[in-house]
Amino acid sequence: MSRHMQGFGGRFKPQANLVTLAQLKDGQSGTVVEIQGGRRMTDRLNALGIMPGKKITKTSAMLMRGPVTVEVDRVEVAIGFGMASRLVVRPDHVP
Amino acid sequence: MTRLLLMGNPNVGKSALFSRLTGVKAIVSNYPGTTINYTRGYMKLGGETAEVIDAPGTYTLEPTSEAEEIALKLLGSGDIVINVVNAINLERNLYLTLQLLERGIPVVVALNLWDDTKHRGVDIDLEKLRQLLGVPVIPTVAITGQGIKELVENIPRATSPRRPPATRDQRWATIGSIIEQVQRIHHRHHTWRERLEDASVKPVSGGFIALAILAAAFFVVRFIGEGLINYVLDPLFNTLWAPVILKLSQLMGGAGFLHDMVVGKIIGGELNFVESFGLLTSGFYVPLGVVLPYIVAFYLVLGILEDTGYLPRLAVLMDTILHRLGLHGYAIIPNLLGLGCNVPAILATRILESKRERFIAATLISIAVPCAALQAMIFGLVGARGLGYVAIVYGTLFVVWIILGFILNRTVKGFSPELLIEIPPYRLPPWRMVLQKLWLRAYGFLAEAIPIILGAILVINVLYILGVFDAIANFTAPVVTGLLGLPKEAVTALVIGFLRKDVALGMLAPLALTSGQLVVGSVVLAMLFPCIATFVVMFRELGAVNMLKAVGVMIVAALVTGGILNLIL
């Protein structure tokens, strides 16, 4: 799955059943599928408990490409819009 | 001497635990990144004295910020690590624990925030966890002191199971298996607190909440500050101190260099504590009678905001705006601290990830964020001409903050990283902590400010006598009078601003300025040259080259802003 998506220059291409965290709707839950970023971004997200396989719930998103907040393991984390656009999620219910 | 290191993820209660163990008061807040340097204390351990170090929080031993680098460096010098772990979020915290266990350093785990596990629906099998980690695991509540005795008893039992070095994936796999065996989660319904937490980070409701909180904070600071001045300190100074000073003035003959130095100038038998510039008059009245009330009021409100956990949410709301200024949302915390004092604010820029962000944040703080001491004087002097003028001063500084940040973002090379922060749950501020923190900060202000203020007054008197001020005034008159529209003597305030801004603003008082001139003077004084303490910390944190760049920006910005204000007003 991950190799399949890397072919698009790191940019997420719409695909059945998968969205980015930025596209996920407020209040919706999903499972992290892939972090499309470098080692540093992956490390920083992992440190906050965000990694493939993790269940996350999007709490809110600020306007104008502002940060997205998610709940992961009972902890609230705020993620910048750019990072949220590179976090691929499988929503629990197809939107 | 045995050296104990307190290590753990940010915002798990290391500093609270440190205070419990050592009795040394440390600043404790409810947001990640409160401790940006280490604090040292001592405790009794089995009849001997042991050194305890409170390290900045870190998620991993691969640092991503300067504060985390400090934590890593400390690790090499410790004998035993007290690994403070958040019991609510064991999984993420265990990553650092495993890394520590691989280091071969003896570890004891303090499972902190234990009281939260019950109502958050988290069940942890302690015995199993001890067995799997191979080190003592002690549940603690640092804020109330629960479990501290057991923790201390178990420090000598700290061991290192010497886990073999593992890769990132292996560690996460190990953690997954540990969590499966020791942790059970119960489903709970959403509580009111969680609804409020969600509402605080949604665009519309969050915006209203932020406006309400900031407005309330402003009015409470002003209410407490003015209240203390009008009903406590002014009566004290006027009824108790003034008669003593007038008597002393008589004894000293009412004039002369020594008289003016100690008592200050007394014009027409009237004692003016701000304008007399004597060591015993202005020297005490400015720090105690004008500034201290606002310091107390500001830090009380800031402490409450810090401890409820609101600030990281404000960071989320401000993120989009701060990105335009080359920063991200979390930079709001150093900027807010700057409204108290620029020195801790510039130190707090260590929570930002890149050098570029730190430069922009420190420059903006030192230019456009007035400290509480200066603000107190602005309210006192400019406020006497009408609150509208105070609003002009604040409005101007805010516009400068925005425009300057925008320019710096366009001109400073590189780009700023994105926001990625943990948002702690709301909690009621522990009052003991709030008051302890307030005491620490107010005491810190008095200990640092009073000697410098007295020194500044000494310098002012000597320079007046020597005629140095007249020479400077004549030399700088084209800029001060021509560009800023101020009397040439106003330059003395700008010079003394290098020592203390509060005393400096006081020097504008006897010049009989128009309200417009007072506004120009206040704004230029706020922007031009940070006080010497800020200079030193900028030099240390940014290095000589970047500090000089910041100073260059500062001079240009202050003169341009002052010139424009002079044209408008």
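**Exercise 1. How many helices and strands does chain A have, and in what pattern do they follow each other?**

Start with the count: chain A has 3 helices and 6 strands. Here helices (H or I, at least four residues) and strands (E, at least two) are DSSP runs, numbered from the N terminus. Now walk along the sequence, and you read α-β-β-α-β-β-β-α-β.

A quick word on what you're looking at. This is a predicted model, where local features need pLDDT of at least 70, side-chain atom pairs count only at pLDDT 80 or more, and totals for chains, interfaces and linings use all residues. Residues are numbered from 1 along each chain as its sequence is written, while chains are lettered from A and ligands numbered from 1 in the order in which they are written.

**Exercise 2. Find strand β2 of chain A: how many of its residues are buried, and which strands does β2(A) pair with?**

Step one is burial. A residue is buried if 20 or more other C-beta atoms lie within 10 Å of its own, exposed if 12 or fewer, and partly exposed in between, with C-beta atoms placed from the backbone. By that rule, 5 of the 7 residues in β2(A), which covers residues 29-35, are buried. For chain A as a whole, buried residues make up 44% of its 95 residues.

Step two is pairing: two strands pair if DSSP finds at least two bridges between them. β2(A) has an antiparallel partner in β3(A) (residues 55-61), with 3 bridges, and there Gly30(A) sits opposite Ile56(A). β2(A) is also antiparallel to β6(A) (residues 87-91), this time with 5 bridges. In that pair, look for Val32(A) opposite Val89(A).

**Exercise 3. Which parts of chain B touch chain A?**

First, the rule: two residues are in contact if their C-beta atoms, placed from the backbone, lie within 7 Å. Counting that way, 27 residues of chain B meet 24 residues of chain A. On the chain B side, the elements giving two or more residues are α3 (90-103), α8 (192-200), α12 (311-324) and β9 (420-423).

Next, sort that side by class. Ala, Val, Leu, Ile, Met, Phe, Trp, Tyr, Cys and Pro count as nonpolar, Asp, Glu, Lys and Arg as charged, and the others, Gly among them, as polar. You get 11 nonpolar, 6 polar and 10 charged residues.

Finally, spot the strand pair that crosses between the chains: β5(A) (residues 75-79) and β9(B) run antiparallel over 4 bridges. Ala78(A) faces Ile421(B) there.

**Exercise 4. How far apart are the C-alpha centres of the two domains of chain B, and how many residues of each join the contact?**

Domain bounds come from an automatic or database domain assignment, which here gives domain 1 (3-185) and domain 2 (203-568). Their C-alpha centres lie 38 Å apart. On the domain 1 side, 8 are nonpolar, 6 polar and 2 charged.
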